[in-house]
Amino acid sequence: MIRKVLFLGAAVLLVGASAAYAFPPIDMTTAGATYTSATDGTIWTQLVNQPTGTGVYQPFLRERANGVESGLNTDNTAQQVYDDVAGIWTHSLTLGQLATVTVGSTTYYSFSVDINEPDGGGQNLLSLDELRIYTAPNGYTSPTSEADVLANGGILRYNLDGTIDQDVYMDYDLAAGSGHDDVQVLIPTSFFAGASASDQFFFFSKFGDTAGMIADADFTSGDGFEEWHALLGTTPPPPSLPEPSTVMILGTGLLGLAATRMRKK
């Protein structure tokens, strides 16, 4: 049950929220939600009807841990320092392998995430708290950390928190099951200006690090793995890409979350 503190606390959080937390969130807890970030131009979409099927989903990064989890798409299987799962599910890419999509007059790279959380029981929510993308010289495929990427000629191209602290809230119950895209993000290709198609592409993400931000809401990781999938040049674009307008969601993130939880009640 959503308590009244969700609404009463919103004003307090606006004034006194710690820098460790983003407010309001990029709220993907409503089916079909879309949001265009006014700070970095990324477009976020909740994909309630994008099944891919077990065995068909081809991630480039799989990560798993309870509580807080993070991962980096590296070919290094011996010295990984994050929670990425080695094997065919986690591997390096080159920038030239990525396909682009155009919305309006802007060109984007497209990424989607399949989250796997407990089904209901108040643990179905998950937050994406950090997302950073790097390019590095061709042939360097096995970093052990973000610092390792930078020490070997890497360049930070995109940072979810580069301008302001942003968090993305997601709900597993909207599209329960593995092998199913839950949320898509379109990142403008302009962030990669000057990079070569032969450059290595490294993607770091962290989930579950907003515990305690909202009463009665558990955004930590508590079940299976999370997988990132990229739109590649050999893959057809997803059907009916939306062209959402910029949504100013001052406070509406919590309202959407409340509505979703109350419908369940």
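A: The side chain of Asn-73 comes within 3.1 Å of the backbone oxygen of Phe-201, and it also reaches the backbone nitrogen of Phe-203, at 2.5 Å. Such a polar contact is a pair of N or O atoms within 3.5 Å; within protein, one must be able to donate a hydrogen and the other to accept it, and residues adjacent in sequence count only if both atoms are side-chain atoms.

This is a predicted model, in which local features need pLDDT of at least 70, side-chain atom pairs count only at pLDDT 80 or more, and totals for chains, interfaces and linings use all residues. Residues are numbered from 1 along each chain as its sequence is written, and side-chain values use heavy atoms, with hydrogens and water left out.

Asn-73 is placed in the loop between strand S5 (69–72) and strand S6 (93–94). Strands (E, at least two residues) are DSSP runs, numbered from the N terminus. With a relative accessible area of 0%, Asn-73 is buried. Buried means under 20% relative accessible area, exposed over 50%, and partly exposed in between (1.4 Å probe, protein chains only). Neighbours within four places in sequence aside, the residues in contact with Asn-73 include Phe-60, Leu-61, His-91, Phe-201, Phe-202 and Phe-203; contact means heavy atoms within 4.5 Å.

Two of these neighbours also pair with each other. The rings of Phe-60 and Phe-203 form an edge-to-face aromatic pair, 5.2 Å centre to centre with 85° between the planes. Rings of Phe, Tyr and Trp (its six-membered ring) pair if their centres lie within 6.5 Å; planes under 30 degrees apart count as stacked, over 60 as edge-to-face and the rest as tilted. Phe-60 lies in the loop between strand S3 (43–46) and strand S4 (61–63) and Phe-203 in strand S13, so the pair ties together parts that are 143 residues apart in sequence. Phe-60 counts as buried at 2% relative accessibility, and Phe-203 at 0%. Both belong to one aromatic cluster, whose members also include Tyr-109, Phe-111, Phe-201 and Trp-228. The whole structure has 14 aromatic pairs.

S9 and S13 run antiparallel and are joined by eight bridges; two strands pair if DSSP finds at least two bridges between them. S9 is also joined to S11, again antiparallel, by four bridges, with Val-168 in S11 as the bridge partner of Leu-128. Strand S10 (residues 155–159) pairs with S9 in the antiparallel sense over four bridges, and there Tyr-134 stands opposite Leu-156. Because 12 of the 12 residues of S9 are buried, this strand is largely enclosed by the rest of the structure.
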